[in-house]
Amino acid sequence: MGGRKACVFHLVVVLAIAVRASRGQVLDCNFERDLCQWRQVTGTDNLDWRRRSGSTPSPNTGPSFDHTTGRNGSYIYFDSSQGTEGAKAQLYSPLLTVGRNNYTCLTFWYHMYGEHVSTLTLYHNKTRLWTRSGDQGNVWLQARITITAILHEEIVIEAAKGRGVKGDIAIDDISYRFGPCPAQAILRPTRQPGTTGPTPAPVALSCDFETSDLCGYRQDRRDHFDWVRKAGPSASSHSGPNSDHTMNTNYGKLAS
């Protein structure tokens, strides 16, 4: 009987944490109307995140469209034409509570394109949870961060300015869910028996084909045709998709 009560109590606690994470701590935001429950700060940074649709003002940097709609929806961005090198813009979350033995998954889409792009970082209590630096290509990419052991504290998304004006950084579609982020499947090749040389590099099994390296996949030279990475409708009429799945636009890439 005691064991049954313990199981019921544990289930209630887990459900309470899940409800608190999914309802009381709503971090989800697509920035179509405002910053949702996220907020700008004063005193600890130099610049602000700006909400925008379409292209950013500076050429050859920043996204041309948002991630949510792939057209004229809104996102927020760090304007690298403002401030001096090293200037920062910080975005604070609502207060979070995640138990030491529980996990939540924070995801968001980021865009870091331009020769002067500096750094985008996610912090909790001055601890770096995730970071990217430099030009990541003219595409929206997804960040996934598993979070645990937070007691009524905030997390911070921080962008830093590089040495020039071609360094805009944008984010969109923040999502927060109970449970750890799904692991990305990795294939670890081995050498064929009797061969020498280095072991082939690990390959991520998941791929959105937005980058030209095909995520480590390669064409089989023993067949008759190759897969082609492209954007937009296929060349043949009445056949193939009109857009990719990742962005659902003519800009996203697919293999056909």
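In what order do the strands of the open sheet sit, and is the pairing parallel or antiparallel? The 5 strands line up as β1-β4-β11-β7-β8, with antiparallel pairing.

## Ground rules

This is a predicted model, so local features need pLDDT of at least 70 and side-chain atom pairs count only at pLDDT 80 or more, while totals for chains, interfaces and linings use all residues. Residues are numbered from 1 along each chain as its sequence is written, and side-chain values use heavy atoms, with hydrogens and water left out.

## The open sheet

Strands here are DSSP runs of E with at least two residues, numbered from the N terminus (helices are runs of H or I with at least four). Two strands pair if DSSP finds at least two bridges between them.

At the edges of the sheet you'll find β1 (39-40) and β8 (127-133). Each has a single partner strand, so one side of each has no neighbour in the sheet. For β1, 2 bridges make the join to β4 (residues 88-92), and the two run antiparallel. Zoom in on R39 and you'll see that its bridge partner in β4 is Y92.

## Two disulfides

Counting a disulfide as a pair of cysteine sulfur atoms within 2.5 Å, the model has 2 disulfides. One of them joins C29 and C36, with the sulfur atoms 2.1 Å apart. Its S-S torsion is about 80 degrees, so this disulfide is right-handed. As for accessibility, buried means under 20% relative accessible area, exposed over 50% and partly exposed in between (1.4 Å probe, protein chains only). C29 is buried at 4%, whereas C36, at 38%, is partly exposed.

C105 and C181 form a disulfide too, with their sulfur atoms 2.0 Å apart. The link of C105 and C181 is right-handed as well, with 105 degrees about the S-S bond. This pair bridges distant parts of the chain, 76 residues apart: C105 belongs to strand β6 (residues 104-112), and C181 to the loop between β12 (169-178) and β13 (186-187). Both C105 and C181 are buried.

## Aromatic pairs

Rings of Phe, Tyr and Trp (its six-membered ring) pair if their centres lie within 6.5 Å; planes under 30 degrees apart are stacked, over 60 edge-to-face, and the rest tilted. That gives 5 aromatic pairs. Among them, Y75 and W140 have ring centres 6.0 Å apart and planes at 70 degrees, so they meet edge-to-face. Y75 sits in strand β3 (residues 74-78) and W140 in the loop between β8 and β9 (141-147), so the pair ties together parts 65 residues apart in sequence.

Both Y75 and W140 are buried. Ring pairs also bring in Y77, giving a cluster of Y75, Y77 and W140.
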